[in-house]
Amino acid sequence: MRTLLYLTLGLSAGCAAAGVRQATPAPAPAAAPAAASQAAAESMSVDRAQYPSTYRRHPNPPVLIRNATIMTATGQEIRNGSILFKDGRIVAVGEKVDAPADAAVVDGAGKYVTPGLIDDHSHLGVYAAPGTEAESDGNEATNPVTAEVWAEHSFWPQDPQIPLAIAGGITTIQALPGSANLIGGRSAILKLVPARTVQEMKFPGARYGLKMACGENPKRVYGRRGGPATRMGNMAGYRSAFTQAETYRRRWDTWRKDHKGDPPERNLRLETLAEVLRGNMYVQNHCYRADEMAQMIDLAHEFGFKIRSFHHAVESYKIADLLAKEGTSVSVWADWWGFKEEAMDGIQQNAALNQHAGGRPLIHSDSPSGIQRLNQEAAKAMYAGVRAGIPITRDQALRWITVNPAWTLGLDSIVGTLEPGKMADVVVWSGDPFSIYSKAVQVYNDGWLVYDRADAAHQPRTDFELGRAPAPGSDR
Amino acid sequence: MIAVLLAQTIAITGGTVYPVSGPKIANATVLIRDGKIAAVGTGVAIPSDATRIDAAGKWVTPGLIDGGGQLGLVEIGAVAGTREASLQGDTIAAAFNVTEGINPASAVIAVTRIEGVTTVLATPTGNLVSGQAALIDLDGATIEQMVVKSPAGMVLDDSESGKDYAGGSRAGLADRLRRVFRDALEYERRKVDFSRAQIQPLSAPARDLEALLPVLHAQEPLIAYANRRSDIATALRLAREFKLKLVLAGAQEGWEVARNIAAAGVPVLVEPLDNIPSYDALGIRYENAALLARAGVKVALMETDTHNSRNLRQQAGNAVSYGMAWDQALRAVTLSPAEMFGVADRYGSLEPGKVANVVVWSGDPFEFTTGVEHVFIRGNEIPLKSRQTELFERYKTLPPKY
């Protein structure tokens, strides 16, 4: 129960942000320099590439999975269906699909196929196993506002928890800073593939998110360290930071227009916050209590940004109408509760009630253990709703772990459903993914077979594990 | 109300009954009288005054037993004032019995029992010897009414966290335990000398040594949390040296030495969904429960997240998914823990004379589709209500009615 320990200590549990990512690349963090000042701009760090993605699609043959039940997350569940993907893109989904001659054909008899699962709240890589102080890189708990830190600069690609999550069918994660701070820093949106560097995992074109946190954690961490010590102190802290960011943004935007005089001094903290104000980075907000979510919505209105998702929103069912109207998704657990006071009102029908109110719920993990079974957690939340008389469909529950988190990351036009043209993030399950007895048997990420339960050659192991942990299936 | 219900005779009819002590029985009756199981099987005569529960199409099992967690001892994880499971500053807290710290009014109790977990081991934490655990039923207005057995076992932390209480070395931990155990036996032999102060200073206070005597006489199990293969070996070695009735708990690398554990006849409490590696258990894996069972080890399961003890059935289902036989998994959350805690004469199976902790499920208890339809604890039907169902009722339509 290490995760719960993090929560208790306020060292982890957080929310972060995601980016809006449509098919086109995101704009550079600031507007491109005008031609007149090209020479000056060339000398400036702000105009150079900022830690770019080096992700490349792994070459692989076309794949046809046939005779399977295809759950598309677009409302369809196709019996005896097939799916073809090629060059990292889904080509066709349906009852009859013709395969090219060079396609690898997978017999899906008795099996189910879903989109790759997406966890919009993970601390993989930043709170890596084995969980010693040396791997504790998730909370820059040195100041309540650390918008200047980026989760990718902590992320360790050899975290042995990564292959475990892959084996659970996860293809994309948002790795977040923890929740010690009011504003914890930028998230990293990552393809969950074996890699040597985090740059090789960065989802191409995905925008950053900004992690913010409400409630108990910041005031506990800073209460005796200069504050904030109260929830009103928390609010003042956010407002103060965004007030500074408004000024900063105006100075830079003005200078970008006319290039008069020296550019404003670069401030990494305010640069990130200014991106939120420009609408280039979505705020994602660790916030448990309903009344605090309402406060945060007012804060967002005051400064003219949108909160993309409330994370750990255990009380979101109490204001499901307000959240649906606001268009903010709710990232929740199926049943976590009780580990602290702001988590005392968790109920198992939370996701279902938000769905029923017209909102956009999703199931997140915040846990290296829970991330391995998002399908099980979604099943629990779905059936809890159904048993209570809320008619949640299997498709809706599947969307809780696929396209809804994709939307939260701004990636829903690229991943999250099985539709022609989408990225070939595909999971083959041994049976109904909402049954406890089913497991992911194959996981394709961008068309690449990154995990095969039946083939040790496709069961990636991290450097960490070599020579000290027995390989899966082995016996000492 | 409890008294009225106690006098009741209840007949659960038509369900598929899983007695655990024997094979499943289709279309069977479970007859409950005065809090005990009176009869199980087909062709059971149903008294005319019996309240009938139609369980046609349903599955009937014993109430589930969670072999771990701090239920009743921790109300809110982060609020110290509501935590009773750990005695601070007492390395050998053998005399510490958690029982009087149990809160019968805990909101966690109802949340848990309405999902089929009827009995839990309230387990002390922290220190080297954490203290005495109590097995409790999740019903009752007083601690006395809840207790099934206390102490049900002496809890020892023989893992990475335990050695912090023994000077920071695993070798120190083993040495410390040996000294304490020997001193306890010495104390027992020379109580008179002790009272006259004619004995060398002992390595723990007399009351803790006294509390260890039932363990050292194998009358009470020593529940040793140990994960690393070498720590499991240490626990087995100590048990051999002192002839202890050992129960291993956690045992995350247990699968690596499953044959040794089986040979020693030591049962194991496992949390099947443990698989995050640490330096305490680099070999941790989902298949642990199944591999131990396959080697002939008696396995019981636990869900150590106190507030989600109800997920014990998800733990069991995953144990099945990773290789445990379904029947073994059901036994591992019913009869096997009852045997480990010495209450199998009263708990863990549906047999005449046993305490009527019975659950009627809509289907396979391990499946997510399945819900609980009826729960009986000591023959009392438990209303399927909790703080969480009340919150749901209040907010299922918005705005809520306050």
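Two strands pair if DSSP finds at least two bridges between them. I kept that rule beside me for these notes.

**Ground rules.** I am reading a predicted model, in which local features need pLDDT of at least 70, side-chain atom pairs count only at pLDDT 80 or more, and totals for chains, interfaces and linings use all residues. Residues are numbered from 1 along each chain as its sequence is written, while chains are lettered from A and ligands numbered from 1 in the order in which they are written.

**Chain A, overview.** I looked up the elements and found 12 helices and 17 strands in chain A; these are DSSP runs numbered from the N terminus, H or I of at least four residues for helices and E of at least two for strands. I then checked burial: of the 476 residues in chain A, 58% are buried, that is, with 20 or more other C-beta atoms, placed from the backbone, within 10 Å of their own.

I traced an open sheet of three strands in chain A, with the order β6-β7-β9 and mixed pairing. Its edge strands, β6 (117-122) and β9 (188-191) of chain A, each pair on one side only. From one strand to the next I note an average twist of 15 degrees. In chain A, β7 (residues 170-175) runs antiparallel to β9, with four bridges in the pairing. Here I found Thr172(A) opposite Lys191(A) of β9(A).

**Two helices.** Next I turned to α5 (residues 231-258) and α6 (residues 268-277) of chain A, which pack at about 85 degrees with axes 8 Å apart. The axes are lines fitted to C-alpha atoms over the stretch in contact, and angles run from 0 to 180 degrees between N-to-C directions. α5(A) and α6(A) are therefore roughly perpendicular, the word for angles of 65 to 115 degrees. On the α5(A) side I listed residues including Phe242(A), Tyr248(A) and Trp252(A), and on the α6(A) side Leu270(A), Leu273(A), Ala274(A) and Leu277(A). Contact here asks for C-beta atoms, placed from the backbone, within 7 Å.

**Where the chains touch.** I finished at the contact between the chains, to which chain A gives 45 residues and chain B 35. On the chain B side, α11 (312-321) and α14 (387-395) each supply at least two residues, and α11(B) gives the most, with five.

Conventions. Parallel < 35°, antiparallel > 145°, perpendicular 65-115°, else oblique. Contact = placed C-beta atoms within 7 Å. Buried ≥ 20, exposed ≤ 12 C-beta atoms within 10 Å, placed from the backbone.
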